[in-house]
Amino acid sequence: MKQLLLGDEAIALGAINAGLSGVYAYPGTPSTEITEFIQTNKVARERGIHSRWCTNEKTAMEAALGMSYAGKRALVCMKHVGMNVCADAFVNSAITGVNGGLIVLAADDPSMHSSQNEQDSRFYGKFALIPVFEPSNQQEAYDMVASAFEMSESLKVPVLLRIVTRLAHSRAAVEVGELSAENALNPSTDQWVLLPGIARKKYVDLLEKQEAFQKASETSTYNKKESAGQKLGIVACGIGYNYVKENVGDNADILKVSQYPLSPKAIKAFAAEHESILVVEDGQPVVEEAIAGMVGADYPIKGRLTGDLPRTGELTPDSVAKALGKPAGPAFDNAKNLAGRPPQLCLGCGHRDVYTALNQVLAEYPDYRVFGDIGCYTLGALPPFKSLSSCVDMGASITMAKGAADAGLFPAVAIIGDSTFTHSGMTGLLDAVNDKSNITVVISDNLTTGMTGGQDSAGTNKFEAICLGLGVEPEHVRVVVPLPKNMPEITRILKEEIEYKGVSVIIPRRECIQTAARHAREKRK
């Protein structure tokens, strides 16, 4: 049976049909739809497949490890920068090994459509010394889930599944297979304790598995060679294979790479058959650099490092056409006379009232800085507010404000969203409390994870208790309702807490207008 599926949906359905028992994730574009699909899927609900959102990617990775140790199949989903958050557990999981199959899904975002950077998660697979799968289309995305679970269980290691935005958010017809049973509960008797003496032995075990990983790549049906007698050899990785085929059809010599580690044997043999190689990969030049090391400095290799493909941004059929010496497709300039429309906060959003109040109060202080965080409220950096001085990573607002205050900056204000606060802001607040830092923290609470579509926020209705538990003085935890009519109260409280020489927390709380509208529609049904 065929179904029209997003790449994310193909992965989700592939996991369910492969006997998934739990998905663990923190919402992040372009990975969000995987968990959302599982949450609403009839079979997943009937089976009781765990699918509640986690507080952050680290807790997701660790919970999935626990499910794997108990013998069941687990999936961890995140966007590429989430790999940084879960890196401690992820890298160490390669050494502990797994019991039930464990797949770590990393959705990379070349061109930074909704991200801070263009990092390539394949580096993490190489760093952890584990197998990596990279589908070229939605059908492979579906099929690879079952293959990855089987490899994970047979070789007792986690497997990384790497996709990119265009695959995650484009649709194709997918041939769907049969539904498999879940694994029975079967807690492992292995010792999952990384004391140095145990870890050293397990690390040797991981190194001894590298030959098996290599053999699996060399015999993988996802890696293949196509020959047409051309002088140029094309190494096409993941979705890059589609762009190559779109330009050349069957009239090209292609080495398709969708499963790692790379095979030096296959690469060297392919290079020997051709005068030069073009490496087409979406992301950073992971394979291009690796091939250069395999074939030597004198062999001509073209790709992102040589400028034949753009060094930044995602691949396109046109950029690949140019690298192949072909004319680009027709340009579409229908929008040339349209005015630019930069992103902005929704009209009626509570964050707007927060920034209006902040700007009004902080205008009295010549040296103020507002340290921002990751979420839709990051748009406060843009006109008309222009309020933020920084936005680096999840949870950084509070600790950056603390560091600036330590340096003598006054006032140092942090603004952070409700979901981001529980994701990774709480520990920074504890540091500030322990140091009695002179900062004002604004937790702009819209009762949801708004930027990624309105998923549940882990700390809803708990923020006052969390702040008090971390040691913020009760009289300096203030709650306001961000509405224009309340502006006098909000600005008065902001002024009072900025002048307080210590840690204060202000919680402007009003539901996201998008989720409020959705809830209102649901009530009318």
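Okay, Lys-436: at 68% relative accessibility it counts as exposed, where exposed means over 50% relative accessible area, buried means under 20%, and partly exposed is in between, with a 1.4 Å probe and protein chains only. Lys-436 also has a positive phi of about 50°, although it is not a glycine. You'll find Lys-436 in the loop between α18 and β16; helices here are DSSP runs of H or I with at least four residues, strands are runs of E with at least two, and both are numbered from the N terminus.

Quick word on the model. This is a predicted model, so local features need pLDDT of at least 70 and side-chain atom pairs count only at pLDDT 80 or more, while totals for chains, interfaces and linings use all residues. Residues are numbered from 1 along each chain as its sequence is written, and side-chain values use heavy atoms, with hydrogens and water left out.

Ser-111 sits in the loop between β4 (102-108) and α7 (122-128), and at 30% relative accessibility it counts as partly exposed. We also have cis peptide bonds: one joins Thr-29 and Pro-30, with omega about 15°, and another joins Pro-383 and Pro-384, with omega about 10°. Pro-30 is in the loop between β2 (20-25) and α2 (32-40), and Pro-384 is in the loop between β14 and α17 (396-406).

Five strands make an open sheet in the order β8-β10-β9-β12-β13, with mixed pairing; two strands pair if DSSP finds at least two bridges between them. β8 (224-226) and β13 (301-302) stand at the edges with a single partner strand each, so one side of each has no neighbour in the sheet. Further in, β9 (residues 232-237) has five of its six residues buried, so the rest of the structure largely encloses it. β9 runs parallel to β12, joined by five bridges, and parallel to β10, also by five bridges. Follow Gly-233: it stands opposite Ile-277 in β12, and its bridge partner in β10 is Asp-253. Ile-277 in turn stands opposite Ile-301 in β13.

Last, α16 (residues 350-362). At 1.5 Å a residue its 13 residues should span 18 Å, and the end C-alpha atoms are 18 Å apart, which agrees; the expected span is 1.5 Å times one less than the number of residues. Is α16 covered or open? It is mostly covered, with 10 of its 13 residues buried. Those buried residues pack against several elements, including β15 (412-417) and α20 (487-499), with contact meaning heavy atoms within 4.5 Å.
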